[in-house]
Amino acid sequence: MMTSLRLRLFLIILLPLVLIAVGVGAWRITAAEETARDLFDKNLLVTALAVSRDVAIRDGDAISPETAALLAETGGGAVKYHVYAPDGVFVTGFASPPIPVDFAWDNSKTFAYFDAVSRGADVRVLRLQYVTQIAGFSGPFKVTVWQDKTARQAFVRAQVTRALTVMAMLIGTTAVVVWFGVNLGLKPLLDLEDAISRRSPADLKPIQRSVPVETQGLVDRINVLFGQLAASMDAQAAFISDAAHQLRNPIAGLRALGESILTARSLDTAQSRAADLVRAAAGAGDLAESLMTLERARATPDAALATRAELGALARGVVEKLRTDLDEGAPELLFQGLDLPVHVLADVTMVEEALKNLLHNALVHGGPKLSRITVTIEATSNTAIIAVTDNGRGVDPANFDKIRARFGQADAGEGSGLGLSIADAVARSHKGRLDIRPTDAGFSVALVFPRAPDA
């Protein structure tokens, strides 16, 4: 399930900051522990040195008031001490130093720190060893000082709490700023959404409002889609209008013929009128089929233009099929191909339909002197062409625009007037065009398609 864009942007910006804060927090805990250990351990060392000095000066008697005050008031709480003579004789201090049973002294060191437990409390211990002579004793003396760890743990907690509080405030402030910043950044999109939602379903004008550069591509694609929808709706409206207009008269004629059969005074008259009805129905059917073909040609999707076809073989197939359907005495139908294959990416069915309409146009409008229709394949480096040329009566160049229009005919006659319109729509749907070529005699028209690269 897709989350909101606002939330996604908020998390993308904020989550790295939270992860960084967690890392900084972990580092701050470690740093605070190291700082506390260094600070309080140095205090232990200072007090141990002070005790050792007093013991040496006073020959083992009680420590000086100054040192006692230092032990009582040093940072981290009171420090307790214990002094051993070289033979293990107690010299001064508290009776039992917190030395673990498994503690082993390293004689190569002067002092050592370790953690221990004294009367149920965690303590930090420093043992200092030095060689001297006191009150007749000569050799290594051991001074042990220790301090409750509660104060240093409180120090660590205070440091970490302070750092985490600052980071939490920064993250909270950043979260608020980011949230409102994201809302402000998304405002153009929200305004765009509001503007589109206010449109009526029929309003497909391009979006003209200013938008951020990052969303301009989206708006451009929406405008293209609006244009395609508008063109599709216009084409649909034109199709409905054309169908209603062009089928009105044939349907009225069919009805009149049907009624005339009912009022016929003889069987022969009824049969004659029934034959007229069949021919009129066939004509109306052909007109409806032509209208549907025109609409299919207009609405051919780009995905349908994926078949790689050899234009010569396609055209030859249409010509040979039409030859078998022509009656004896019909105009000669010729085909002139090329030695090399010419390929196009096409909707094969629609290209065949376009060629059939051009050939049908020639047969219907070529006139009584029509004797030959030639289908020729031509090619350039970028185009593939099917040309249909006849030696019939031709068309005045002044009427070229008229015959390209829907239902347009140079002279009133048979046919629906949709042949060239269908061929033109097919060519356009294939990113091509329909060319009417001036000739000295007859009529010539060509379907021009983009040529596909040779395999």
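In which loop is the place of K431? In this predicted model, in which local features need pLDDT of at least 70 and side-chain atom pairs count only at pLDDT 80 or more, totals for chains, interfaces and linings use all residues. Residues are numbered from 1 along each chain as its sequence is written, and side-chain values use heavy atoms, with hydrogens and water left out.

K431 is placed in the loop between α9 (419-429) and β11 (433-437), where helices (H or I, at least four residues) and strands (E, at least two) are DSSP runs numbered from the N terminus. Although K431 is a residue other than glycine, its phi is positive, near 60 degrees, and with 56% relative accessibility K431 counts as exposed (buried means under 20% relative accessible area, exposed over 50%, and partly exposed in between, with a 1.4 Å probe and protein chains only). A positive phi of about 55 degrees is likewise found at R119, which is not a glycine; R119 lies in the loop between β3 (111-118) and β4 (121-134) and is exposed, its relative accessible area being 85%. Most residues other than glycine have a negative phi.

The protein chain contains nine helices and twelve strands, and buried residues account for 35% of its 455 residues. Of the contacts (heavy atoms within 4.5 Å) between residues at least 6 apart in sequence, 63% join residues at least 24 apart. The mean pLDDT of the chain, pLDDT being the predictor's confidence in each residue from 0 to 100, is 80, and 85% of the residues reach 70 or more.

Helix α6 (residues 311-325) and helix α7 (residues 348-365) have axes that come within 10 Å and cross at roughly 45 degrees, the axes being lines fitted to C-alpha atoms, for helices over the stretch in contact, with angles from 0 to 180 degrees between N-to-C directions. The two helices are therefore oblique to each other, since angles under 35 degrees count as roughly parallel, over 145 as roughly antiparallel, 65 to 115 as roughly perpendicular and the rest as oblique. On the side of α6, L314, A315, V318 and L322 take part in the contact, meeting V348, V351, E352, L355, K356, L359 and L363 of α7. By class, this contact comprises nine nonpolar, no polar and two charged residues, with Ala, Val, Leu, Ile, Met, Phe, Trp, Tyr, Cys and Pro counted as nonpolar, Asp, Glu, Lys and Arg as charged, and the others, Gly among them, as polar.
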